[in-house]
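I opened a new page for this protein today. I wanted to look things up one at a time and write them down plainly.

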Amino acid sequence: MVNLRAYRRFFVVAYHFLPLLLSYARDRRRFLLVGRPRRVDSQTRVERANTLLESLLTLGPTFIKLGQLLSTRPDVLPPEYVDVLAQLQDEVPPAPWDEAREVLEAELGPVDERFDDFDTDAISGASLGQVYTAKVDDREVAVKVRRPNIEELVAADLRVIRWSLPVLLYFIGEARAFSLENLADEFARTIRQEMDYSREAEMLEEIRGNFEGDDSVAIPAVLESHSGPRVLTMEYIRGTKINDVETLDEMGVDRHELAVTLQEAYLQMLLEDGVFHADPHPGNLAVQPDGTVVFYDFGMSGRVDEFVQNKIVDFYIAVANRDIDGILDALVEMGTLSPEADRATMGKVMELAIEDARGEDIETYRVQQIIEQVEDTIYEFPLRLPSNLALVLRVATVVEGVCVTLDPDFDFISVATDYLTEQGYREESIRQFAEEAGDQLRSSVQSSVRLAPKVEDALDRIDRDDFYVRADVEDGNDVFDLLAKRLVYGMMLASGAFSTAFLYATAEVQAAAVAAAFSTGVALALYRTFRKRRGTRVTPQFTRHEMRQRRGGE
């Protein structure tokens, strides 16, 4: 049954995405099979992104979730797509109460018997579930019910996505193919986890326990007696949406301190606890009158292992110290930056990113210079995203957007630096650096002692004509192969041109025409070896800088 539904869905999905795929194919080959690549401007990307957005909305819940995930993956999509898909909200009209009631009673039993009161009008509707308010023992609770018949639809759509992946990989470069395959695996795992409310209850309780005693954070408690794989009942904590800045100002909430609280809560989850709430968009964050941050919806949550935690700490410390080499080293060790990347260019990108994160003014001409260097020196942007870091990036980008909304001058790096210092991470890093420096000093002293005899031995061998040097030349970019092709093609073209002229001069017109055709083919092959390789054009995103540009445009 699922297979049959998947086949039908495949043709529906293909119908919606085929025009976009044809456009992408023409970007690679102007006439689909032959021709030069087309250069796509920013406006065209925005138009295509809006088309993609409409298609995702039309295809329903699974693809809405996919669009939301894509909106946090700048390693897969260009910036224009990320901006447009960021508008995609997980707000879908709730299913009729009669259908939701069947799911609820199948899990818990009759509604009238299990709840003192139950409001059948959903307070929110999402792609995978919907939330109602009710009372249990005179205690106000929120009841999250899985959308009826969603399991079969998601199973069919995941098969369609898996079948479509080989086709999509044809239209993108190698670096993005790496990220797209990881994204497909991550999406299948994430959406299945989101539909399992028993897992969500476990994650919620674990995170709640980690913040026990912290009055700045509020996380609802789970009512296990009224919960199951398809129903989750929890304490209902009221609050104001965190991006409703006008109401927050009326309440007298310090928005800067609120942003600090939010960032420090996520730093604790990522760096200390190893388990985190991974969907911090404004609909899942609220604020109480005393400034307490309330977290909702733990369906999308994740874990980070100790290695990733240590590398994130290294990254933050390097950022705090403006140690560009340290930043690049941390990214390479985490697997997010290719070791073959142009470090000089990427270093300048990181410098601009740090200045932007600190709220410093960035001259537009500097951004343009970096963009030009990226396009000239990097065929495919060397940033990629392993699956174990995808949710971490989602948290970082979404929390940044929320904090900037609360306080346009918020300094992420300063807050992170203070947090690392308070927790002792920076002192530990300095101590580790001192130990490494001591080890290097000892090694240097030992090497200097052994150096003189080795130099003397080498000089003796040179004096006896008994000194040989062996060199292995690495050619990862196939430069020698390219030069050999050019040399061979050049020799063939020279002989072909001479043969054409000679045959034409001796009135052998037919033979001269054949020689001319051969020479023309060789000339085209030679020309292709001199063509500059083009790859994905990427525009680095600097959130605060772009915000200023947009405000200026407005």
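**Ground rules.** This is a predicted model, where local features need pLDDT of at least 70, side-chain atom pairs count only at pLDDT 80 or more, and totals for chains, interfaces and linings use all residues. Residues are numbered from 1 along each chain as its sequence is written, and side-chain values use heavy atoms, with hydrogens and water left out.

**Whole protein.** I looked up the helices and strands (DSSP runs numbered from the N terminus: H or I of at least four residues for helices, E of at least two for strands). There are 21 helices and 11 strands. Next I checked burial (buried is under 20% relative accessible area, exposed over 50%, partly exposed in between, with a 1.4 Å probe and protein chains only). Of the 554 residues, 43% are buried. The accessible surface (Shrake-Rupley method, 1.4 Å probe) comes to about 30,100 Å², and carbon and sulfur atoms hold 52% of that. Then I turned to contacts (heavy atoms within 4.5 Å). Among contacts between residues at least 6 apart in sequence, 69% join residues at least 24 apart.

**Helix α12.** How far apart are the end C-alpha atoms of α12? I found 21 Å. The expected span is 1.5 Å times one less than the number of residues. For the 15 residues of α12, 306-320, that gives 21 Å, so the two agree. Several residues of α12 are buried, including V308, I312 and I317. At the N-terminal end I found a cap, D305. A side-chain oxygen of D305 lies 3.2 Å from the backbone nitrogen of F307. After the helix comes R322, with a positive phi near 55°.

**Q268.** I found Q268 in helix α11, residues 255-273. Is Q268 buried or exposed? Q268 counts as buried because its relative accessibility is 16%. A polar atom of the Q268 side chain lies 3.2 Å from the backbone oxygen of N210. Leaving aside neighbours within four places in sequence, Q268 is in contact with N210, F211, D273 and Y419.

**S55.** I found S55 in helix α2, residues 42-59. With a relative accessible area of 6%, S55 is buried. Which residues touch S55, leaving aside neighbours within four places in sequence? I noted H16 and F17. S55 and F17 are 38 residues apart in sequence, and their C-alpha atoms are 7.4 Å apart in space.

Technical notes. Polar contact = N/O pair within 3.5 Å; in protein donor to acceptor, adjacent residues only side chain to side chain.
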